[in-house]
Amino acid sequence: MIWCDAIFKQLLDADLCDRLPHALLFLGQAGLGKRELAQQFSQYLLCGHSRQTKKACGVCEDCRLFSANTHGDYYPIAPENQKTIGIDQIREMKSHAYQTSQRGRKKIFVIVGAEKMTIAASNAALKILEEPPLGCLFILISESKHALSSTILSRCHAYHFFVNDTTQVEQWLSDAVHKQFSKKEIICALQWSQFSPLLAKKWLEENKINFFDGLQGVLNQYFYRKASSYELIKYCQGKALADILFAAYLICYHFLKTHASDGRAIVYSLLSKIIGAQKLLEKHPTLNETLLLEALF
Ligand SMILES: [Zn+2]
């Protein structure tokens, strides 16, 4: 993940100088490798031979335990059912934090989706961050700092994940995908993912980019009343609702940014329906696809 190299180096340097803060916050949109880097860095810290080579050895006892997800000093937590992180999860994390390290090095706690902590969980987490037990490192991962309390933010050292060299990432993506794609397809995937390389990689491998491109064509015609609702629904049938809503949202947003007059009313109306449908889908993941498409278009 070449776009993460600078952050990884900063973390290694801070560790080598014994200046690693006790709480890190990895910020950035989905698909930028925040969780992967947190894992990589955690393994580096827990490995017995990493300091000389600046990377985890992959063969020592710690590395083996880490790879098997059984390392007693690595404790990741994430939202239950993709929804919230509750106070019980934070209380359990706290009880682990006050225990002695099992392998004699750091104890690492990774909170994935930190913005999904309930208020009670966030307050409990704040207390641990304010008075961290010795030898503990907390890595909070979030897509939006606005959803985190200012007191939590003030306790963490933030690292912002983003792509700043698109050419380098195009090459990375081209090497990382398992199939052969043209340069145009690679660029297109990166644009659809809003420069989140891991998301672009996933979509290329799942053949979603062609669907997104096709949807853009049909929707643009629909906005000018050159394609009917029927054609639009037919094009979307059989595709995952979350993908349709995601792509349609981006297409509407892009249309409003680039078109000053014609077709805007219909796009505004569709955009608000998409936002409503996304909320509905979050609550009821097994919604009837045809009914939802008919309501949308
Ligand atoms: Zn190792």
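Predicted model: local features only at pLDDT ≥ 70, side-chain atom pairs only at ≥ 80, totals over all residues.

Visitor: What makes Asp 13 and Lys 9 a salt bridge?

Guide: Their side chains meet at 2.9 Å, N to O, and the cut-off is 4 Å, so the label holds. The two are four residues apart in helix α1 (residues 5–16), which means about one helical turn separates them. A helix here is a DSSP run of H or I with at least four residues, a strand a run of E with at least two, both numbered from the N terminus. The structure holds ten salt bridges.

Visitor: Where do domain 1 and domain 2 lie in the chain?

Guide: Domain 1 covers 2–160 and domain 2 covers 166–296; such bounds come from an automatic or database domain assignment. Their centres, over C-alpha atoms, are 33 Å apart. The contact (heavy atoms within 4.5 Å) takes nine residues from domain 1 and eleven from domain 2.

Visitor: What is the area buried between domain 1 and domain 2?

Guide: About 730 Å², with carbon and sulfur atoms giving 66%. Buried area is the accessible area (1.4 Å probe) that two parts lose on being put together, summed over both. On the domain 1 side, Ile 2, Trp 3 and Gly 31 supply 60% of what that domain buries against domain 2, more than any other three residues.

Visitor: Why is one space called a cavity and another a pocket?

Guide: On a 1 Å grid over the protein atoms alone, a cavity is a set of points where a 1.4 Å probe fits but cannot get out, whereas a pocket is an open set with protein on both sides within 12 Å along at least five of seven lines. One cavity reaches 30 Å³ or more, and the largest cavity has a volume of about 80 Å³. β2 (74–77) and β3 (107–112) each supply at least two residues of its lining, meaning residues with an atom within 4 Å of a point.

Visitor: Which helix gives the most to the lining of the second largest pocket?

Guide: That's α13, with five residues. This pocket has a volume of about 340 Å³, a volume being the space filled by probe spheres set on grid points joined across faces, edges and corners.

Conventions
Residues numbered from 1 in each chain as written. Heavy atoms only, no water.
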